[in-house]
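This briefing covers a sheet, a helix packed on it and a disulfide. The sequence and structure come first, and the notes follow by topic.

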Amino acid sequence: MFLEQPPGMYSHAHEAQISYMARKYLGVPSYTFSAPEFTPMALGSSGLSSVAPDIKLPQLESHLRAHPGWGRSPYSWGSEQVHYMLAEKGALNAEMRAAPEAGTNGLVLLGPRDVAGLRSAVEKAQEDPHMRLILVCRERSCTEYTHELAGRWVAEILFQDHKHVQDSKVLRVQPTTEHAAVFFSRLLLDLATVLEAFRFEHLYYWKSSPYVYAREVLEIVSAAREDGSLKVHAIN
């Protein structure tokens, strides 16, 4: 359960986090049951709680750890945010009411230097209802993308209001970076989890991406889907 740093450090929605870890690392079904007063939420909904601190998405996790008391009310704003962060990681449980439709496509940025090569594709993705952006991040909260994405619609989702974590248009994959070998093995598992949960069918990446090993991980993940339903395309 402690192979990765969970959002909220188990101060919020701890049963959902443990359930997610069991599914991800043990490959076993798991279920959580809510208290009667819990209000089911849908991915993308907002304004469900009267408590909505004005914080930026990169500070959300640290804010949750600093305020464990958020989880002690019948309707917990803190638990809501953790559920959304878990959904971003691929934990689409029944409470989230968020099972995506088949036919989802993904534009993968393996690092900030890919933005220049995929500039046109990134802009087109904003208007494509079937396209999600998948960002591979090496820094916490993807801050290495700050300069490259400045002024673009993706930056608003990544670095502005915390409610953008509810927007599944952009998914952050954030493996640990303590050691290169750990990073790439974790990237393999994290990508596989997200791609399966959101039922991606087509992935697009920059053919000239300088992140060679990350590109190889992406190809391994796609090849691992034995029915061939996940196809990867290189963009020149």
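In what order do the strands of the open sheet lie? In this predicted model, the order of the five strands is E3-E2-E1-E4-E5, and their pairing is parallel.

**Sheet**
- The edges are taken by strand E3 (170–173) and E5; each has a single partner strand, so one side of each has no neighbour in the sheet.
- On average, neighbouring strands are turned by 25 degrees against each other, direction ignored.
- Five bridges join E1 to strand E2 (residues 131–136) in the parallel sense.
- Leu109 has Leu135 in E2 as its bridge partner.

**Helix H8**
- Helix H8 (residues 212–224) has 13 residues, which at 1.5 Å a residue should span 18 Å; the distance of 19 Å between its end C-alpha atoms agrees with this.
- Ala214, Arg215, Val217, Leu218, Val221 and Ser222 are the buried residues of H8.
- These residues lie on the same side of H8, because the arc they cover around the axis is only 155 degrees.
- Tyr213, Ala223 and Ala224, on the other side of H8, are exposed.
- The cover over the buried residues of H8 includes strand E1 (104–109), helix H7 (180–197), strand E4 (200–206) and strand E5 (231–235).
- H8 lies across E1, E4 and E5, and runs at about 160 degrees to E4.

**Disulfide**
- The model has one disulfide, formed by Cys137 and Cys142 with their sulfur atoms 1.9 Å apart.
- The link of Cys137 and Cys142 is right-handed, with 85 degrees about the S-S bond.
- Cys137 and Cys142 are both buried.

Definitions and conventions:
Residues are numbered from 1 along each chain as its sequence is written. This is a predicted model: local features need pLDDT of at least 70, side-chain atom pairs count only at pLDDT 80 or more; totals for chains, interfaces and linings use all residues. Side-chain values use heavy atoms; hydrogens and water are left out. Helices (H or I, at least four residues) and strands (E, at least two) are DSSP runs, numbered from the N terminus. The expected span of a helix is 1.5 Å times one less than its number of residues. Buried means under 20% relative accessible area, exposed over 50%, partly exposed in between (1.4 Å probe, protein chains only). The arc is that of the directions from the helix axis to the C-beta atoms. Contact means heavy atoms within 4.5 Å. A disulfide is a pair of cysteine sulfur atoms within 2.5 Å. Two strands pair if DSSP finds at least two bridges between them. Axes are lines fitted to C-alpha atoms, for helices over the stretch in contact, and angles run from 0 to 180 degrees between N-to-C directions.
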